[in-house]
Amino acid sequence: MIYSIVKYGQPVLEQKSESVSEFDTPELQKLVDDMFESMYAARGVGLAAPQIGIGKQVAVIDVTSGEDPAQKIVLINPEIVEQEGSQTSEEGCLSLPTFREPVRRPRKVTVRASNAKGAKFEITGEDLLARALLHETDHLNGTLYINYISPLKRDLIRRKIRKLQKAGEW
Ligand code: NI
């Protein structure tokens with residue numbers, strides 16, 4: 001099932017999601033499958049459950065956009081355990097369509113999470129994968145990338161969105 005993506009302005013995007021306590025259930029597997037399907041349909045490389053209106057700590061990532069199924073990552077209750085270096089590049093978010101801004105992030109990161117079966121694992125990513133791991137983990141804590149840009153740029157984006165909302169285009 002393809003969900004529509006919740007856009008900036010909905011409170012669920014700025015709230016901390018609830019941790020998952022029940023694993024290896026058909027419901028959780030279905031949620032994960034639907035999230036991959038919704039992410040590919042929206043041409044994203046990552047999607048967090050709040051972005052489909054579900055306040056649970058579940059996120060999916062595929063920086064190959066479906067090219068390599070082995071690169072599919074499921075993060076449940078993720079925690080950043082290590083980060084180093086820095087990188088700056090343009091970042092976007094399916095919940096803020098059309099906007100992109102340069103965002104400074106650590107260059108390398110290690111995340112500890114569970115998979116849908118409940119098995120704990122650690123994953124280390126660099127560059128784009130590090131950015132995706134951080135961006136999606138942020139979503140589950142109610143943080144959006146625009147929190148990291150200058151207040152001036154953030155206000156500009158908010159104003160543009162308000163205009164789009166008034167025009168019924170958001
Ligand atoms: Ni996002």
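Start at the hairpin of β6 and β7: five residues separate the strands, and Gly118 takes a positive phi near 100°. Strands here are DSSP runs of E with at least two residues, helices are runs of H or I with at least four, and both are numbered from the N terminus. This is a predicted model, in which local features need pLDDT of at least 70 and side-chain atom pairs count only at pLDDT 80 or more, while totals for chains, interfaces and linings use all residues. Residues are numbered from 1 along each chain as its sequence is written, and side-chain values use heavy atoms, with hydrogens and water left out.

Now look at the partners of β6. Two strands pair if DSSP finds at least two bridges between them. Seven bridges join β6 to strand β7 (residues 120–126), and the two run antiparallel. Ala113 stands opposite Phe121 in β7. Strand β3 (residues 73–84) is also antiparallel to β6, joined by six bridges. There, Ile80 stands opposite Val111 in β6. Five of the seven residues of β6 (residues 108–114) are buried, so the strand is largely enclosed by the rest of the structure. Buried means under 20% relative accessible area, exposed means over 50%, and partly exposed lies in between (1.4 Å probe, protein chains only).

Next comes the nickel ion. Its donors are Cys93 (SG), His135 (NE2) and His139 (NE2), at 2.1 to 2.2 Å. Donors are N, O and S atoms within 2.8 Å of the metal (3.2 Å for Na, K and Ca); water is not among the atoms, so sites may look incomplete. In sequence the donor residues are spaced C-x41-H-x3-H. Cys93 is buried at 9% relative accessibility. His139 is buried too, at 0%.

Thr98 is found in the loop between β4 (87–91) and β5 (101–105). Thr98 is exposed, at 76% relative accessibility. Its phi is positive, near 80°, though it is not a glycine. Most residues other than glycine have a negative phi. Asp24, another non-glycine residue, has a positive phi of about 55°. Asp24 lies in the segment before α1.

Finish in helix α1 (residues 26–41), which holds Ser38. Is Ser38 buried or exposed? Ser38 is buried, with a relative accessible area of 1%. Beyond its neighbours within four places in sequence, Ser38 is in contact (heavy atoms within 4.5 Å) with Met1, Ile2, Tyr3 and Leu47. A polar atom of the Ser38 side chain lies 2.9 Å from the backbone nitrogen of Tyr3.

Notes
Polar contact = N/O pair within 3.5 Å; in protein donor to acceptor, adjacent residues only side chain to side chain.
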